[in-house]
Amino acid sequence: MPKLQGFEFWSRTLGGARHVVAPMVDQSELAWRLLSRRHGAQLCYTPMLHAQVFVRDANYRKENLYCEVCPEDRPLIVQFCANDPEVFVQAALLAQDYCDAIDLNLGCPQMIAKRGHYGAFLQEEWDLLQRMILLAHEKLSVPVTCKIRVFPEIDKTVRYAQMLEKAGCQLLTVHGRTKEQKGPLSGAASWEHIKAVRKAVAIPVFANGNIQCLQDVERCIQDTGVQGVMSAEGNLHNPALFEGRSPAVWELAEEYLDIVRQYPCPLSYVRAHLFKLWHHTLQVHQQLREELAKVKTLEGVAAVSQELKLRCQEEISRQGAEKPAGDLPFFHWICQPYIRPGPREGSKENTGARSKRALEEEESGTDILSKNKQKKQLRNPHKTFDPSLKPKYAKCDQCGNPKGNRCVFNLCRGCCKKRAFKETADCPGHGLLFKTKLEKSLAWKGAQPGLQEPQPAGSGTPGGFSEVMGSALA
């Protein structure tokens with residue numbers, strides 16, 4: 001059977017999917033995909049897989065794809081990150097029998113992608129990307145697709161999309177943010193970029209960005225003309241988003257936990273999903289937030305979720321028909337979007353993009369500690385984050401590492417050990433007793449009347465000294 005392409009692939013293989021769950025590292029695993037499909041999702045992606053690891057590690061293939069085969073989990077697109085055409089195609093060939101298409105990740109903006117040279121950090125290397133897509137298009141029995149981020153300039157984004165289409169990409173997902181737009185600097189996605197790409201290419205296009213509810217999905221399709229809409233964070237906070245419902249959190253949490261019992265996944269994935277689902281409620285019940293972070297079993301996670309449900313039901317019985325507190329559109333126990341806060345208002349003067357580290361340093365100058373620092377302080381109430389109160393260490397005279405406080409040479413242990421051995425000296429501060437051990441050894445040999453005196457070595461030191469020092473160093 002010939003390989004379907006473009007709109008024929010989208011309409012026949014993907015069933016004309018319009019509601020799409022994004023590839024999410026450690027979050028779009030089989031159990032979550034099945035939950036999303038039960039609530040309106042028509043197409044799902046696997047989490048991003050590393051092509052090189054997928055090729056060389058059979059366990060990685062088994063854990064991330066081969067053991068997750070499920071008839072309900074189709075249509076399915078497997079996403080890889082890669083920067084080598086041969087490796088990408090080798091990984092895709094190993095995966096193509098378990099999915100309906102292979103996707104190349106060209107949208108990951110995280111620092112790990114920069115270090116690994118993949119994702120959005122390949123978007124300037126058009127020759128390499130052409131070779132990767134072209135080779136995959138030629139070798140694979142399933143279509144190859146791409147997920148990209150936009151450039152600041154619309155015309156460059158359009159040329160980028162056209163280059164990928166020409167190389168053999170059969171479906172394009174466009175995240176309407178640049179690679180610099182992430183974390184607190186995310187901002188709104190540009191549907192204008194997506195609309196321009198849709199008009200310029202002859203393959204199906206999915207839009208990604210600014211999707212928090214079903215009305216956003218419908219508005220995006222109408223405004224941009226795309227074939228489908230992909231959701232990531234919106235889906236994590238409300239898996240029923242594509243149904244147009246906002247159910248009670250515990251309804252979806254319990255359903256998800258039941259699926260996990262049937263299709264197990266790492267506990268860290270489960271915990272992360274419940275943190276997202278219960279996000280607004282955990283702002284109210286902080287103690288249960290800590291308990292959810294500490295539990296070590298699936299049943300422990302389920303118990304915390306059940307306790308959250310009971311507390312919410314108690315609030316419902318007390319509150320009656322009162323309005324939600326704060327800025328939330330619904331009560332905190334209802335699945336609803338989480339609006340990521342932007343940079344602090346005081347930083348508006350600096351319009352340039354700032355790094356995550358710069359933002360953290362700015363925060364550390366205030367009296368408010370980050371959540372991670374608050375957790376560390378809970379574990380150790382005496383811990384301080386004030387740089388001026390951190391202890392100052394005297395440095396080793398030779399290497400700059402902290403020196404031993406009682407070292408007779410004012411050195412770190414490593415440098416002290418070398419010097420003490422060379423000079424046959426002792427350093428009680430570091431527990432090094434080369435001189436003492438040598439004296440004891442010589443005294444013991446002198447006390448043995450029948451023991452032959454060792455021949456002197458060239459340095460004038462008894463020949464047995466090296467054995468004594470070797471054992472001392474060991």
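These legends describe close-up views of a predicted model. Residues are numbered from 1 along each chain as its sequence is written, and side-chain values use heavy atoms, leaving out hydrogens and water. In this predicted model, local features need pLDDT of at least 70, side-chain atom pairs count only at pLDDT 80 or more, and totals for chains, interfaces and linings use all residues.

View 1. Helix α12 covers residues 249–262. Helices here are DSSP runs of H or I with at least four residues, strands are runs of E with at least two, and both are numbered from the N terminus. α12 has 14 residues and spans 20 Å from its first C-alpha to its last. That is close to the 20 Å expected at 1.5 Å a residue, where the expected span is 1.5 Å times one less than the number of residues. Val 249, Trp 250, Leu 252, Ala 253, Tyr 256, Leu 257, Ile 259 and Val 260 are buried in α12. Buried means under 20% relative accessible area, exposed means over 50%, and partly exposed lies in between (1.4 Å probe, protein chains only). The buried residues of α12 pack against α2, α13 and α16; contact means heavy atoms within 4.5 Å.

**View 2. The packing of α12 on α13.** Two packed helices are described by the angle between their axes and the distance between the axes. α12 and helix α13 (residues 267–277) pack at an angle of about 170 degrees, with axes 10 Å apart. Axes are lines fitted to C-alpha atoms, for helices over the stretch in contact, and angles run from 0 to 180 degrees between N-to-C directions. α12 and α13 are therefore roughly antiparallel. Angles over 145 degrees count as roughly antiparallel, under 35 as roughly parallel, 65 to 115 as roughly perpendicular, and the rest as oblique. From α12, the contact takes in Val 249, Ala 253, Tyr 256, Leu 257 and Val 260. From α13 come Tyr 269, Val 270, His 273, Leu 274 and Leu 277. By class, the contact residues of α12 with α13 are 9 nonpolar, 1 polar and no charged. Nonpolar covers Ala, Val, Leu, Ile, Met, Phe, Trp, Tyr, Cys and Pro; charged covers Asp, Glu, Lys and Arg; the others, Gly among them, are polar.

**View 3. The crossing of α9 and α10.** Helix α9 (residues 191–200) and helix α10 (residues 214–224) cross at roughly 50 degrees, and their axes come within 9 Å. That makes α9 oblique to α10. Trp 191, Ile 194, Lys 195 and Arg 198 form the α9 side of the contact. Asp 216, Arg 219, Cys 220, Asp 223 and Thr 224 form the α10 side. The contact of α9 with α10 has 3 nonpolar, 1 polar and 5 charged residues.

View 4. A salt bridge is a side-chain nitrogen of Lys or Arg within 4 Å of a carboxyl oxygen of Asp or Glu. The count by this rule is 15 salt bridges. One of them joins the side chains of Glu 254 and Lys 309, at 3.1 Å from N to O. Glu 254 lies in α12 and Lys 309 in helix α16 (residues 298–319), so the pair ties together parts 55 residues apart in sequence. Glu 254 is partly exposed at 30% relative accessible area, whereas Lys 309 is buried at 16%. Arg 261 and Asp 258 also meet in a salt bridge, at 2.8 Å from N to O. Both lie in α12, 3 residues apart, about one turn of the helix. Arg 261 is partly exposed at 38% relative accessibility, and Asp 258 is partly exposed at 48%.

**View 5. Salt bridges elsewhere.** Glu 423 forms a salt bridge with Arg 419, with the closest N and O atoms 3.1 Å apart. The two residues are 4 apart in helix α19, about one helical turn. Glu 423 is partly exposed at 44%, as is Arg 419 at 33%. A network of salt bridges links Arg 33, Arg 37 and Asp 73.

**View 6. Backbone features in three loops.** Most residues other than glycine have a negative phi, and most peptide bonds are trans. Asp 26 has a positive phi of about 60 degrees although it is not a glycine. Asp 26 sits in the loop between β1 (19–21) and α2 (30–38), and is partly exposed at 37%. Asn 410 also has a positive phi, near 60 degrees. Its loop runs between α18 (371–379) and α19 (413–423). Asn 410 is partly exposed at 33% relative accessibility. A cis peptide bond joins Arg 74 and Pro 75, with omega about 0 degrees. Pro 75 lies in the loop between α4 (58–64) and β4 (76–81).
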